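The sequence and the structure are shown first.

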Amino acid sequence: MLIAKPTAALLIATLSSTVLFILLSSRPNLSPRPDSMARSFILWLHGLGDSGPANEPIKTLFTSPEFRNTIWSFPSAPSIPVTCNYGAVMPSWFDIHEIPITANSPKDESGLLKAVSNVHKMIDKEIAAGTNPKNVFVCGFSQGGALTLASALLYPQTLGGAAVFSGWLPFNSSIIQQIPPEAKRTPILWSHGIDDRTVMFEAGQAGPPFLEQAGVSCEFKAYPGLAHSISNDELKHLESWIKTRLNSSS
């Protein structure tokens, strides 16, 4: 029986406990919601070892009227052997070679691009169903945040936005040549805890300079005292950030 490293297990455990805390400390806003908002789509990508359904409580925190016509999707990653966990099989979008992850950690670009292709199919399906691409938002935590970034940068249309939580750059700088002009207009929100010891803060800090070089707009927010987890403040800001970018017509 293969035993995962404790550091890697942290990626699995922290998110669910954080979501529970948020739910217990938040009160739903039951104010009337207008019918004028067009359909929108939020795709949430989980971290290593987690699952889509375990993250579904996040959507209950988005109580603003603007989210009345929002479709949420919480897919689960396939189960694959993960190098940083001694080859143990677990839900993972692509392989991770080491934890903690630094700005210089090795990258599984081949596996990443396969995962990006699957994310693009999800987005394509929603756009085909009638959602304006500029009302499509991709969000993700940890490994899901890294996949969020790659998926947005390589998508052939401008999306409403992409939100990276405690993520990293999962590719080399050569990918800049592959970023479509339309994707460069997709805004990026990047949030990272300063006390993160799983995906090091330095790995997050490497994001904005890379995106600036690629010609992509990025808002980077650092959270003092936050380890490898998601906070109330981060999700409240995400709600506000998406609200300001929603289009009122399809």
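Strands are DSSP runs of E of at least two residues and helices are runs of H or I of at least four, numbered from the N terminus.

Strand β5 (residues 136-141) pairs with strand β6 (residues 161-165) in the parallel sense over 5 bridges; pairing requires that DSSP finds at least two bridges between two strands. C139 has A163 of β6 as its bridge partner, and F141 stands opposite F165.

## Basis of the model

The model is predicted: local features need pLDDT of at least 70 and side-chain atom pairs count only at pLDDT 80 or more, while totals for chains, interfaces and linings use all residues. Residues are numbered from 1 along each chain as its sequence is written, and side-chain values use heavy atoms, with hydrogens and water left out.

## Sheet and overall fold

The protein contains 6 helices and 8 strands, which follow one another along the sequence as α-β-β-β-β-α-β-α-β-β-α-α-β-α. An open sheet of 6 strands has the order β2-β1-β5-β6-β7-β8, with parallel pairing. β2 (70-73) and β8 (218-223) stand at the edges, each with a single partner strand, so one side of each has no neighbour in the sheet. On average, neighbouring strands of this sheet are turned by 15° against each other, direction ignored.

Of the 250 residues of the protein, 53% are buried. Among contacts (heavy atoms within 4.5 Å) with a separation of 6 or more, 77% join residues 24 or more positions apart.

The buried residues of α3 pack against β1, α2, β5, β6, β7 (188-193) and α5 (207-214).

Helix α2 (residues 109-128) lies across β1 (40-45), β2 and β5, and runs at about 165° to β1. Axes are lines fitted to C-alpha atoms, for helices over the stretch in contact, and angles run from 0 to 180 degrees between N-to-C directions.

## Cavity and pocket

On a 1 Å grid over the protein atoms alone, a cavity is a set of points where a 1.4 Å probe fits but cannot get out, and a pocket is an open set with protein on both sides within 12 Å along at least five of seven lines; lining residues have an atom within 4 Å of a point. The count comes to 1 cavity of 30 Å³ or more. The largest cavity has a volume of about 80 Å³, and its lining includes F94, H97, W168 and P170.

The second largest pocket has a volume of about 180 Å³. Of the 16 residues that line this pocket, A103, K107, L169, F171 and A206 are the closest to its centre. Helix α5 supplies the largest share of this lining, 3 residues. Grid points are joined across faces, edges and corners, and a volume is the space filled by probe spheres set on the points.

Key
Buried < 20%, exposed > 50% of the residue type's maximum accessible area, 1.4 Å probe, protein only.
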